Amino acid sequence: MRHGVIPGSRGAVRPLRLFGDPALRAPCEEVTAFDAELALLIEDMYATMYAAHGVGLAANQIGVGLRVFVFDCPDDEDHRHLGHVVNPRPVAADGVTVRGAEGCLSLPGLEAGTPRHDHVVIEGATMTGEPVRIEGTGFFARCLQHECDHLDGGLFIDRLTGLRRRRALRAIRRAPWAPTGGAEAVEA
């Protein structure tokens with residue numbers, strides 16, 4: 001039997017920012033106020049992530065330039081990891097580098113084999129300011145690295161090279177949500 005409130009059940013679904021929106025490329029600011037406004041943001045982020053059928057969401061994906069992300073993501077053994085991190089910083093990224101399918105709610109429908117470490121450790125805080133340390137392997141490690149990249153203004157396509165990158169950029173240009181301005185807007 002479940003005890004407590006389901007994350008996001010009291011939150012509002014906010015519009016997702018899509019590729020080309022400057023909010024996705026700006027590094028996020030550290031959170032300094034651990035208050036009710038932060039708790040509401042996190043609730044809204046869960047609601048938005050679930051509505052979009054995602055496994056992770058960074059604050060800048062809904063236009064908020066703060067270092068916060070939420071996740072509800074399985075690892076390779078299908079263990080569910082549910083939580084949030086405020087002011088996350090990777091303290092370890094090691095193990096083999098695995099190229100695996102990766103997508104993003106801000107680039108709907110796009111997926112590409114992206115290299116990521118198979119093990120990562122993130123340290124940060126909870127919404128109340130308590131220290132938190134999260135360790136992930138496999139798909140969950142990929143999710144943690146992906147969300148940390150977002151908070152630094154990065155996207156998974158930045159990690160692609162060669163043919164994979166060219167194919168991803170071509171797919172973006174053809175997408176119905178593609179930014180206007182031609183190839184320069186996509187390459188930016």
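Which residues of the largest nonpolar core touch the most other members? Keep that in mind for the second view. This is a predicted model, where local features need pLDDT of at least 70, side-chain atom pairs count only at pLDDT 80 or more, and totals for chains, interfaces and linings use all residues. Residues are numbered from 1 along each chain as its sequence is written, and side-chain values use heavy atoms, with hydrogens and water left out.

**View 1. Five strands make an open sheet.** The order is β1-β2-β3-β4-β5, with antiparallel pairing. Strands here are DSSP E runs of at least two residues and helices are H or I runs of at least four, both numbered from the N terminus; two strands pair if DSSP finds at least two bridges between them. β1 (56–58) and β5 (131–137) sit at the edges with a single partner strand each, so one side of each has no neighbour in the sheet. From one strand to the next, the twist averages 30 degrees. Look at β3 and β4: 13 bridges join these antiparallel strands, and Ala-93 stands opposite Val-120 in β4. Helix α1 lies across β1, β2 and β3, running at about 40 degrees to β2. For such angles, axes are lines fitted to C-alpha atoms (for helices, over the stretch in contact), and values run from 0 to 180 degrees between N-to-C directions.

**View 2. Here is the largest nonpolar core, with 16 residues.** The members touching the most others are Leu-38, Ile-42, Met-45, Leu-57, Val-68, Val-70 and Val-86. A nonpolar core is a set of buried Ala, Val, Leu, Ile, Met, Phe, Trp, Tyr and Cys residues joined through side-chain atoms within 4.5 Å. Buried means under 20% relative accessible area, exposed means over 50%, and partly exposed is in between (1.4 Å probe, protein chains only). Both α1 (36–51) and β2 (68–74) supply at least two residues of this core, and α1 gives the largest share, six residues. Contact, or touching, means heavy atoms within 4.5 Å. A second, separate core has 15 residues, including Cys-28, Phe-69, Phe-140 and Leu-144.

**View 3. Glu-102 and Arg-116 form a salt bridge.** Their closest N and O atoms are 2.8 Å apart. A salt bridge is a side-chain nitrogen of Lys or Arg within 4 Å of a carboxyl oxygen of Asp or Glu. Glu-102 is in strand β3 (residues 80–103) and Arg-116 in strand β4 (residues 111–125), so the pair ties together parts 14 residues apart in sequence. Glu-102 is buried, at 4% relative accessibility, and Arg-116 is buried too, at 2%. A network of salt bridges links Glu-102, Arg-116, Arg-142, Asp-149 and Arg-159. In total, the structure holds twelve salt bridges.

**View 4. Asp-158 pairs with Arg-25 in a salt bridge.** The closest N and O atoms are 2.6 Å apart. This pair links distant parts of the chain, 133 residues apart: Asp-158 is in the loop between α2 (138–151) and α3 (162–174), while Arg-25 is in the segment before α1. Asp-158 is partly exposed, with a relative accessible area of 37%, and so is Arg-25, with 31%.

**View 5. Gly-63 is in the loop between β1 and β2.** Gly-63 is partly exposed, at 31% relative accessibility. Setting aside neighbours within four places in sequence, Gly-63 is in contact with Arg-17 and Ala-23. Arg-17 also forms a salt bridge with Asp-21, the closest N and O atoms being 3.1 Å apart.
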